[in-house]
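I opened a notebook on this structure today.

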Amino acid sequence: MVRQLGDDPVVERQAAPQPGPDRVLVRLRAAALNFADLLKARGEYQERQDPPFVPGLEGAGEILWAPPGSGFGPGDRVAVLAAGTMAQTIAVPSAACTAIPDAMTFEQAAGFQIAYGTSHLALAARAHLKAGQTLAVLGAAGGVGLTAVEIGRAMGARVIGVARGQDRLDTVRAAGADVAIDSAGCADLKGALRDLGGVDVVYDAVGDSAGEAAFRALNPGGHFLAIGFAGGRPPVLPLNHALVKNISIHGFYWGGYARLDPQAVSDSMASLFRMFRDGRLAPVVGQVMALDRIAEAFDLLRSRRSVGKIVVTL
């Protein structure tokens, strides 16, 4: 529970929610931590939520009860997309639940929808990434960054992953990156990317100076995807370069896109689950932590020390 903006959440015992005629009751087994959770706890997220509130935007578990006609029954394994998933039991509309493949663990499913949904729609629907193009992913070892590497490779792109530290670079290569660049040891990211032939699409989950450097390495007709600002601030993009080189700049916020084009989000999620079933996606679960370590999990995300998704077991 987040009791006060700016404070880490605390574990509290609350009465279990009750199902309703339009709600399913889910026993959550795992919930993913997203950067948005950190921003919400600070009061800095674009969709402000006043405390007290239960953090978490996605999770996975088993249906305990479902109303007739919902399409679900007790025991069904589902991923849940709703506010307040850092709780053992949650009551949500049936539309917030998606059946998950038998081979997908609860830990994988907990962090699948937002990260993979963000990367798939951003790369396919906004940047129109094509086989043979070069994709640069900033923050490639993070929760969304790894999915961009994996999906970019599955779409046939040449993928350059940018991350900090050898362990993270190894993870980025394992996810499918053709080239991995250590941001800690690279004084000239723009030059490094240009030496590799330039970039057709930049997937920027970091922002700050790294985002600007990658933007300047874009080839004519390239696409820049503004995904997030884990580096602390948005990049300062020279629009004269965008004009002269016919570069397209796309802001992408998956939650907002779900309202802009819900059918596109639904189709994207169906494609992603098919890709998982076909063995083309292998979600990386980074740190798995018990609920009583939630403050530690928030600190891990805040300090950008995590590799892959941070998942809290419930």
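I took a cavity to be a set of points, on a 1 Å grid over the protein atoms alone, where a 1.4 Å probe fits but cannot get out. Grid points are joined across faces, edges and corners, and a volume is the space filled by probe spheres set on the points.

I noted that the model is predicted: local features need pLDDT of at least 70, side-chain atom pairs count only at pLDDT 80 or more, and totals for chains, interfaces and linings use all residues. Residues are numbered from 1 along each chain as its sequence is written, and side-chain values use heavy atoms, with hydrogens and water left out.

**Entry: the cavity**

I looked up how many cavities of 30 Å³ or more there are. The count is one. About 100 Å³ of space lies in the largest cavity. I found 15 residues lining the largest cavity, and the closest to its centre are G111, Y116, P283, V284 and K309. A lining residue has an atom within 4 Å of a point.

Which element gives the most to this lining? It is α4, with four residues. I see α2 (106-110), α3 (113-126), α4 (143-154) and β13 (309-313) each supplying at least two residues. Helices (H or I, at least four residues) and strands (E, at least two) are DSSP runs, numbered from the N terminus.

I sorted the lining into seven nonpolar, five polar and three charged residues. Here Ala, Val, Leu, Ile, Met, Phe, Trp, Tyr, Cys and Pro count as nonpolar, Asp, Glu, Lys and Arg as charged, and the others, Gly among them, as polar.

**Entry: ring pairs**

I searched the whole structure and got five aromatic pairs. Rings of Phe, Tyr and Trp (its six-membered ring) pair if their centres lie within 6.5 Å; planes under 30 degrees apart are stacked, over 60 edge-to-face, the rest tilted.

Y45 and Y253 have ring centres 6.2 Å apart and planes at 80 degrees, so I logged the pair as edge-to-face. Y45 sits in the loop between α1 (35-42) and β2 (58-65), and Y253 in the loop between β11 (248-251) and α9 (254-260), so the pair ties together parts 208 residues apart in sequence.

Are these two buried or exposed? Y45 is buried at 14% relative accessible area, while Y253 is partly exposed at 28%. Buried means under 20%, exposed over 50%, partly exposed in between (1.4 Å probe, protein chains only).

I also noted that ring pairs link F112, Y116 and F273 into a cluster.

Notes: On a 1 Å grid over the protein atoms alone, a cavity is a set of points where a 1.4 Å probe fits but cannot get out, and a pocket is an open set with protein on both sides within 12 Å along at least five of seven lines; lining residues have an atom within 4 Å of a point.
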